[in-house]
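Colleague: Could you walk me through this one? I'd like to go through the strands, the chain contacts, the core and the helices in turn.

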Amino acid sequence: MNVHSTSPQFKQNATRALHDPQLQKALNNVKQGFIDKRKSAADKLPEFEALRDAAHDIKNHTLEHLDLYLEAYEEKVKASGGHVHFARNADEAREIILSICRKADAKTVTKGKSMISEEIGINHYLEANGIRPIETDLGEYIIQLRNELPSHIIAPAVHLNATQVEQDFRRVHTHLDAKRDLSEPVQLLTEARAVLRERFLAADVGITGANFLVAETGTSIIVTNEGNGDLTQILPKTHIVLASIEKLVPTLEDASQLLRVLARSATGQEMSVYTTFSTGPRRSADADGPANYHVVLIDNGRSAMLGTSFEEMLRCIRCGACMNHCPVYHAVGGHAYGWVYPGPMGAVLTPSLIGVDKAGHLPNASTFCGRCESVCPVRIPLPKLMRHWREREFERHLTPASVRSGLGLWGFFAKRPALYRFATRAAMATLGFMGRQRGRFRWLPLAKGWTAYRDFPAPQGETFQARWQRERKGRTA
Amino acid sequence: MSARDDILGNIRRSLGVKGSETIRRQIVQDRLERAPRGVIPARGQVSGEERVALFKTMAEASLATVTEVESAADVPQSIALFLRNHNLPATLRMGDDLRLKVMPWSETALEISHGPSEGRDLNAVSHAFGGVAETGTLAMISGPENPSTLNFLPDNHIIVVSAKDIASDYESVWSKVRFTFGKGGMPRTVNWITGPSRSGDIEQTLLLGAHGPRRLHVVVVRE
Amino acid sequence: MAKLEEGKFEAVNGSPPRLRIGLFVTCLVDLMRPSIGFAAVKLLEDAGCMVEAPVQTCCGQPAYNSGDRGTTRDLAQRMIETFQGYDYVVAPSGSCAGMIKKHYPELFEEDPNWRVKADALAAKTYELTSFLVDVLGVTQVDATFDGAVTYHDSCSGLRELGVKTQPRKLLSSVKGLTIVEMNDSDVCCGFGGTFAVKYSDISGAIVDAKAKNIGASQAPTLLAGDLGCLMNMAGKLSRDGKPIEVRHVAEILAGMTDEPGIGLAKEAARAK
């Protein structure tokens, strides 16, 4: 079972978010920081657009040959002394992870940041089975203390401010002096560093995700700025890599192409601080590193997306640029989307993974402004894919009745030009007459949503086609 | 049917393939063999002094500090000076890398210890496998010579890199890895490091030293 | 005079050939603000084109974006038939031109006969300012407008058709006019067609941010190239009591500003 979703309540979630002043303040950070930094990084690299094309092609090539690259990858991992496990769905993945943890006699498990681990809800499962999972990415650590889902795929706690974090630390770190000063963000960071350092050193198993898996060498790649992913995977005896099957790339060269667009698109860095290529367990001469290396490859709906228009979504490298540039995300934040993946990529991916009947709002809640697609490093046509979901909803009669009947009426007239001209001429004359005093309406029937926030400008009265016919008839025949 | 076979079967059904097609297998094998390079930014395609200068500029942009020394024999003094200038204790942990071991540490007052870090060391030095001028990145190889824990646990990490090992691009480093470990072979870990540890998770404020080193200092040996 | 024959034309007596333009006036302009359509006609005729406005309805975008491909295809076929005989099709809207240019071909992916026709129409369809600048090479217009304007880049025009410099180039040739750029001029205004009604809370928040940027620019006039966005922004500005005149860029370029700004009453305009 996947983690629980509140996506069906998207509208209510969104309204709540819009009225949360704390959240609105935090969302300003997204609007300001990421966009300029990405642009500056892209502008500094003349080959950036060519690299986006290359990234797009590499992922497409891999997806078209995914079965073979998975086989090649598996063979290489085994050859380097690692183990590969396949999981059809979240349940199987959790079972596999639990059994590896049990074999390692694990009491605590440290975790690097991994969206797929959120997707399968591994933390609650481990806890329910007596194993303590500890998130080590600072943002993930904070939201774990609050029992929340990440609100952003690369900045999980972007919806919070420092005061909220301070309150959580005081609530949980009760072994520390209650009078300590935590008024500065750096003090919060220092405290988390000290607390988590002990956890790193004590952990029995480390679980990380993977940004990429390399078929050529059987290598898993993680990218972090904090170094938490590395401490998670080199200190415990057992390292588990949790990755969905579309993370494959053919070679180290291909991975390098993708890495060139990943950090620039995500945080605007030229390169993230730590990019780590791990292959198998520690070698006999090694002085450190895990003795056991497991990879859990999860399908959980991906294989069914191949061969459909949603295959394009499997190119996604989880950089977060789409949500960083999304006016809807800026307005409501990540939690409103109601599941693991927010923003435009979530609006396309979530219906694939939990069903469009539950997540139907997400692909509809977009203005199709196209800014997401314009910054996507692997050129996923996100608006087009959202539209495809709308089409599926329409076909399955999931589209709200009011929209269907409104559209039906419009379509009826639009297909009959003579009737259309007659009806619109009359309607606009009426509206124009009614609105001519003020030039606008503060309220209109059937347009309550519109007039709740803005006036409705009145039409000029005569339609273009009526006037054209009147003035020009005969002239241009 | 095993989960593995089921998943591979589903992928093949979705893609409309059997998996046994010779042409597909050939394409995949060929790509894995050839490992074609893609788009290589022109920025790094410089040599000699210019390449070292670019490496330095980019490393500094990532908030690392960089010093250049004339020869390996100058490294201990340079590191001792760096620690003193930052009011850091005169201790240093390192692995078994011979290039580091043969340096004249006794000419300094530094207290040297060897082996991986157990999490209490303040300062460590590692020798890089190579550098990448394009982004000021250092490539580290795991092993007893340079244990990976030294890259992450100490507060202050010093990396020594030979100027001749600074490559233009990542791809050149991969060529060297293949030359060293054989095609398709890898050490347990390759770490690319670009600057000191950081986090922006609290109100998007950039703070250094999240879990890894607060300082990254690079010593480029020119000889 | 050019003589028309099967959609083609030829020069007579050595005079330069006149392009025959089918004006796709768009539903919103047709119904709400025909003066924009007439401004477009003036601009095209001033540039030497022959303009016709065949009987037309809608390009199908509302249905398309609501997932109703069937209705969209029906309307698209009607549009293709209506406009196939012209040298060019020009619309005073990036969104509606984008629908034809970018989405019609996709709509008929599995229907080769219609695909060919859709491709042909797509190839000759343009947004108004882009047509004037990129196709006709117009560099200046004969118009005067006293004061500062700020320009909102509507999303479809900007990102589907690359409309960004063209309106600004033409505006900079208007005597007395200065352009003041607002912050985030390329960020969505929150209109999004039915989105503005279906997700009115979110749309309201997005247009609120846009209105703040417009206000902060201090320009007394707001221009854009899409009436949907203009009605959204004008409605918000008027609700907030901000006295900013909102117009389609074609009105200024054609020097046709007799009609009151969007959302203003005729009486109010006369009082000015």
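Modeller: Keeping in mind that this is a predicted model, strand β9 (residues 274-278) of chain A is joined by 5 bridges to β9(B), and the two strands run antiparallel.

Colleague: And which residue is the bridge partner of A:S278 in β9(B)?

Modeller: That partner is B:T189.

Colleague: How many residues does the contact take from chain B and from chain A?

Modeller: Chain B gives 66 residues and chain A gives 80 residues to the contact. On the side of chain B that touches chain A, the elements giving two or more residues include α2 (22-34), α7 (170-181) and β9 (189-193) of chain B, while the largest share, 10 residues, comes from α1(B). The residues of that side divide into 27 nonpolar, 27 polar and 12 charged.

Colleague: Switching to the core, which residues touch the most other members?

Modeller: The largest nonpolar core has 287 residues, and those touching the most other members are A:L258, A:V296, C:A40, C:L43, C:V90, C:M233 and C:L253. Helix α12 (residues 252-266) of chain A gives the most to this core, with 8 residues. Leaving aside residues up to four places away in sequence, C:V90 touches, among others, C:I21, C:F24, C:A40 and C:F131.

Colleague: Last topic, at what angle do α16 and α20 of chain A cross?

Modeller: The axes of helix α16 (residues 343-354) and helix α20 (residues 382-395) of chain A cross at roughly 35° and come within 9 Å, and the crossing is left-handed. The contact includes A:P344 and A:V348 of α16(A) and A:L385 and A:W389 of α20(A), and its residues divide into 9 nonpolar, no polar and no charged.

Methods:
Residues are numbered from 1 along each chain as its sequence is written. Chains are lettered from A and ligands numbered from 1 in the order in which they are written. This is a predicted model: local features need pLDDT of at least 70, side-chain atom pairs count only at pLDDT 80 or more; totals for chains, interfaces and linings use all residues. Axes are lines fitted to C-alpha atoms, for helices over the stretch in contact, and angles run from 0 to 180 degrees between N-to-C directions. Helices (H or I, at least four residues) and strands (E, at least two) are DSSP runs, numbered from the N terminus. A crossing is left-handed if the near helix is turned anticlockwise from the far one by less than a right angle, and right-handed if clockwise. Two residues are in contact if their C-beta atoms, placed from the backbone, lie within 7 Å. Ala, Val, Leu, Ile, Met, Phe, Trp, Tyr, Cys and Pro count as nonpolar, Asp, Glu, Lys and Arg as charged, and the others, Gly among them, as polar. A nonpolar core is a set of buried Ala, Val, Leu, Ile, Met, Phe, Trp, Tyr and Cys residues joined through C-beta atoms within 7 Å. A residue is buried if 20 or more other C-beta atoms lie within 10 Å of its own, exposed if 12 or fewer, and partly exposed in between; C-beta atoms are placed from the backbone. Two strands pair if DSSP finds at least two bridges between them.
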